[in-house]
Amino acid sequence: FAEELNVLFQRFAKIFIGCLAAVTSGMMYALYLSAYHERKFWFSNRQELEREITFQGDSAIYYSYYKDMLKAPSFERGVYELTHNNKTVSLKTINAVQQMSLYPELIASVLYQATGSNEIIEPVYFYIGIVFGLQGIYVTALFVTSWLMSGTWLAGMLTVAWFIINRVDTTRIEYSIPLRENWALPYFACQIAALTGYLKSNLNTYGERFCYLLMSASTYTFMMMWEYSHYLLFLQAISLFLLDIFSLKQNDKVYEVYKIYIFSLFLGYLLQFENPALLVSPLLSLVAALMLAKCLQLNVKKGSFVAKIIKVINFYLVCTLTITLNIIMKMFVPHKENGHMLKFLEVKFGLNMTKNFTMNWLLCQESLQAPSQDFFLRLTQSSLLPFYILVLIICFLSVLQVIFRRINGKSLKETVTLEDGRIGERPEIIYHVIHTILLGSLAMVIEGLKYIWIPYVCMLAAFGVCSPELWMTLFKWLRLRTVHPILLALILSMAVPTIIGLSLWKEFFPRLMTELMELQEFYDPDTYTRLFSVQIFMFLCRRQAPVAAVFAGSPQLMGTIKLCTGWMVTSLPLYNDDDLLKRNENIYQIYSKRSAEDIYKILTSYKANYLIVEDAICNEVGTMRGCRVKDLLDIANGHMVCEEGDKLTYSKYGRFCHEVKINYSPYVNYFTRVYWNRSYFVYKINTVISFQS
């Protein structure tokens, strides 16, 4: 009895210390983000307007709706005004909640008022505090996932260290706080942690039930927070499908996860105003195909020749059914969701050529390019990439061994011991290997996807170096006999992460601390003013513009205009709506070689009253050839030769953004300059013009 009590106490102490370390890591990371944000912007010393200017582009739009919800007389009225919004984009009524996935803002506004925080803390601090708190949960979930896989919380500590050190590649929280991914990915990390525990073979009934409930809640929440979440879940479903084929041990569990997908999709469809994107999503088609394929297998006697044949053709059957069902759904469900994404991918992979401004502009975005050499250099310097590759190779080869054993008819062991050295037989390992390969393949094509992939690179690398099972698998292959392999595996699983941790602490911890201090010491008010254009917003707020004033300019600037002034704009930095994409292209014509009359007609067609010209775009010096906004416009308008054989259309007009600054006829007849500084020129669009032929 005393021995059992001692074992129980040791297990409890291990779990308690691990949980304490996981929660502490999350809290420390959240506090670090808060301190970094304060030092970077001197947030507490700024006026409200200057704080709001730190939200740029689409982030500004999201935060503006949070402000609108707080100003609304009631929650119901606020939701109604957002779902029937005609005060954001001119001549357009939109359901902002559905189109922009504003559920985070709805939840934040409810919490702010329900908890009485309006008497304690300012709205902006409450808002960013929630996001920083979610990032803490994100780190804690990664910690727990690595801990579950390796069996030691030392792996969790190493995961957190690599995550923070490589934060340039793991998160965009430093650049844009309200981004949908910053709200959504913490829930995805929780879902993966729950899924990892759920797939473990030695899990008891209560643990399995808890993981299932956590997985259900986090899957649905993740789907509600981000419009692109179902694409990530689609990749996860593919990983589970391949796990089901390769493992043959977790059939029931995998299909329980499929049920969670279906439940989340249909509940999300109903609560997202019958969002057709969820019905035509590849996730629904794949899961439905998998369910149909399972029914076919259940109706056939196990072990029979027909069953073996069906197992062989199962992969082909599922792929065919998925494509067929998706085509059928798109035929019967009216949808316009993300059609531009398919066109973009066609051009991205060289399947099509286009001179379309929007497509070429998207292709020029840094986040949509292939990763640069600097990206791999950063990961190598932090030692993350070398250890990740080592761990991935060992796990992948071990998984291949499992597959070949199954093909040769060898049965898998019910319980895999450390001495066996078969890490690839664990279902959660098979899942993570497949998932990281899929995510990594996409990240190699589109750099922006690194923010989804790299956190799991940190987790997988940390799990591997801290896992005695992985080292034992390697020693089995090497047939190590000079030293007892189990003892050496246990020593290395503690020594290697300790050495890595100490080296990271010595090299990177002083940098993090120095960085925080340097941000404070090198604060410059003039630089701050130029960077966030406080002057122009001060002017716009002081100016007595009409209540129904409409501003035109670059979409990124319009987001901040909407937040800081509350006035309507002609376009928004959103790329999931064809009409908004067309508006963006038309408004960008102010940087093309078009006549004053053409630009005037475009602007007045959207009822614009004011125009803002940005000198940074007009005089842009691009690093990538042909990627400046004015070059892309010239290509689209035929004013520049893009390829051999193209016809050049000569423009008798100069570039509008240059010509309008000179203040001569006919430009002064259409536009009256009301403000300018070194970066921005604001023009009032004249209401009465006499056109002469």
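Is the link of Cys-618 and Cys-657 left-handed or right-handed, and how many degrees lie about the S-S bond?

Modeller: The link of Cys-618 and Cys-657 is right-handed, with 80 degrees about the S-S bond. This pair joins distant parts of the chain, 39 residues apart: Cys-618 belongs to helix α30 and Cys-657 to helix α32 (residues 656-659). Helices here are DSSP runs of H or I with at least four residues, strands are runs of E with at least two, and both are numbered from the N terminus. The model is predicted, so local features need pLDDT of at least 70 and side-chain atom pairs count only at pLDDT 80 or more, while totals for chains, interfaces and linings use all residues. Residues are numbered from 1 along each chain as its sequence is written, and side-chain values use heavy atoms, with hydrogens and water left out.

The sulfur atoms of Cys-618 and Cys-657 are 2.0 Å apart, and a disulfide is taken to be a pair of cysteine sulfur atoms within 2.5 Å. Both Cys-618 and Cys-657 are buried; that word stands for under 20% relative accessible area, with exposed over 50% and partly exposed in between (1.4 Å probe, protein chains only).

The structure holds 2 disulfides, and the other is formed by Cys-364 and Cys-627, with 2.0 Å between their sulfur atoms. The torsion about the S-S bond of Cys-364 and Cys-627 is about -75 degrees, and the disulfide is therefore left-handed. Because Cys-364 sits in helix α18 (residues 357-364) and Cys-627 in the loop between α30 (615-618) and α31 (629-637), the pair ties together parts that are 263 residues apart in sequence. Cys-364 counts as buried because its relative accessible area is 16%, and Cys-627 likewise because its relative accessible area is 16%. With bonded cysteines counted along the chain, the disulfides follow the pattern 1-3, 2-4.

Cys-395 counts as buried because its relative accessibility is 1%, and Cys-458 because its relative accessible area is 0%.

Strands are said to pair if DSSP finds at least two bridges between them. Strand β1 (residues 550-552) runs parallel to β3 and is joined to it by 2 bridges; Ala-552 has Leu-611 as its bridge partner in β3. Strand β5 (residues 680-685) runs antiparallel to β3, and 5 bridges join the two. There, Tyr-610 has Lys-684 of β5 as its bridge partner.

To return to the request, the link of Cys-618 and Cys-657 is right-handed, whereas the disulfide of Cys-364 and Cys-627 is left-handed.
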